[in-house]
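I opened a new page for this structure.

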Amino acid sequence: MKFLTDEKLLIVGAGGMIGSNMVQTAMLLGLTPNICLYDIFEPGVHGVAEEMYHCAFPGANITWTVDPEVAFKGAKYIISSGGAPRKEGMTREDLLKGNCQIAADFGDKIKKYCPDVKHVVVIFNPADVTALTALIHSGLKPNQLTSLAALDSTRLQEALAQEFGVQQDKVTGAHTYGGHGEQMAVFASQVKIDGKPLSEMNLSEEKFAEIKHNTIQGGSNIIKLRGRSSFQSPAYQAVKMIEGAMGGEKFTLPAGCYVNCDKCGFKNVMMAMPTTIDADGVSFTAPKGTAQEMADLQKSYEHLQKMRDELVELGIIPAIADWGQINPNL
């Protein structure tokens with residue numbers, strides 16, 4: 001089996017459903033034979049490893065551990081789903097304090113055991129601030145760490161495809177930016193349905209409002225349908241993000257990235273932007289939209305600022321002026 005690289009990929013939280021799906025997806029995509037599974041729950045991570053061994057992937061070198069030093073040492077790529085999952089009735093923001101403390105510890109482990117890591121993807125909620133926390137504590141450069149945001153866009157794409165009866169990949173330009181949560185900004189002005197602008201598709205305001213609502217509540221709907229939070233879709237999109245960082249197919253769906261941009265008007269937050277993830281890491285451009293879309297994005301940004309400032313009050317991250325003392329790259 002041919003692999004993109006032989007460098008070590010670490011899956012944090014590998015004992016869970018997202019983690020186990022990420023391991024299998026990474027192997028099926030042929031990213032690297034060297035995958036380490038890490039979790040604090042020994043039976044879970046051990047069981048996932050056994051399942052992977054039973055798949056008998058050619059050339060695989062899958063290891064597992066509950067020792068963080070063993071796990072992180074030598075890792076060049078990391079995906080972490082190692083936070084508490086969202087349960088029915090919870091918002092992503094409800095997970096703020098506990099998961100951001102986990103993210104701080106995660107960042108500290110990167111700095112201590114694998115400062116030469118090339119790219120890190122954080123996917124546990126609330127992803128915008130867990131990723132920001134991890135970035136501050138890790139000492140990494142902003143282009144080296146991203147958070148999952150693509151599911152909001154693929155949910156919008158799916159809803160529009162169903163509305164117009166077209167194959168999902170025939171819907172292009174369906175993106176959401178800002179926060180990965182109820183405060184996301186839904187951009188429709190660039191959408192095309194099988195090459196035709198959405199503005200020419202006679203979609204009523206009421207129907208689009210319904211589609212927008214369903215997009216924002218897409219994660220909650222999965223919980224209602226399956227009795228647990230999403231695991232297959234976040235696993236797949238996260239692995240596709242790390243594939244781009246490994247030099248494989250570029251990842252061009254929106255990703256959460258560190259933004260400190262005077263020109264954009266957004267500073268010192270992690271937020272979904274028009275991004276590309278490739279072997280050079282993540283890069284972004286300024287979103288373009290209608291006045292209403294940009295106003296919605298501003299509201300989302302202000303919500304992210306509020307969550308970030310709450311982390312400062314909790315002592316999980318220092319005040320912005322002091323970030324450079326922990327991470328000189330910020």
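Before reading the sheets, I noted the rule I work with: two strands pair if DSSP finds at least two bridges between them. I also noted that this is a predicted model.

Entry 1, the sheet of 8 strands.
I looked up the strand order and found β3-β2-β1-β4-β5-β6-β12-β13, an open sheet with mixed pairing. Which strands stand at the edges? They are β3 (61-65) and β13 (266-273); each has a single partner strand, so one side of each lacks a neighbour in the sheet.

Entry 2, parallel pairs.
I went to strand β1 (residues 9-12) and found that it runs parallel to strand β4 (residues 77-80), with 4 bridges joining them. Leu9 has Tyr77 as its bridge partner in β4.
Next I checked strand β5 (residues 119-122) against strand β6 (residues 145-148), and this pair is parallel as well, over 3 bridges. Here Val120 has Leu145 of β6 as its bridge partner. I followed the chain from β5 to β6 and saw that it goes through helix α5 (residues 127-138), in a right-handed β-α-β crossover.

Ser147 has Gly256 as its bridge partner in β12, and Leu148 stands opposite Ala255 of β12.
I then moved on to β13, which runs antiparallel to β12 and is joined to it by 6 bridges. Val259 has Val269 of β13 as its bridge partner. How many residues lie between β12 and β13 in their hairpin? I counted 4, and Gly265 in the turn has a positive phi of about 85°.
I asked how many residues of β12 are buried. The result is 6 of the 7, so β12 is largely enclosed by the rest of the structure.

I found another open sheet, with the order β7-β10-β11 and antiparallel pairing. Strand β10 (residues 192-193) runs antiparallel to β11, and 2 bridges join them. Lys192 has Pro197 as its bridge partner in β11.

For helix α4 (residues 96-113) and α5, the angle is about 30° and the axes are 7 Å apart. Angles under 35 degrees count as roughly parallel, and α4 and α5 are therefore roughly parallel to each other. I noted the crossing of α4 past α5 as right-handed.

I searched the whole structure for disulfides and found 0.
Is Cys257 buried or exposed? I read 1% relative accessibility for Cys257, which counts as buried. Cys261 is buried too, and its relative accessible area is 14%. The cut-off I used for buried is under 20%.

Definitions and conventions
Residues numbered from 1 in each chain as written. Predicted model: local features only at pLDDT ≥ 70, side-chain atom pairs only at ≥ 80, totals over all residues. Heavy atoms only, no water. Disulfide = S-S within 2.5 Å. Buried < 20%, exposed > 50% of the residue type's maximum accessible area, 1.4 Å probe, protein only. Right-handed = clockwise from strand over helix to strand, strands pointing away. Axes fitted to C-alpha atoms, helices over the stretch in contact; angles between N-to-C directions. Parallel < 35°, antiparallel > 145°, perpendicular 65-115°, else oblique. Left-handed = near helix turned anticlockwise from the far one by under 90°.
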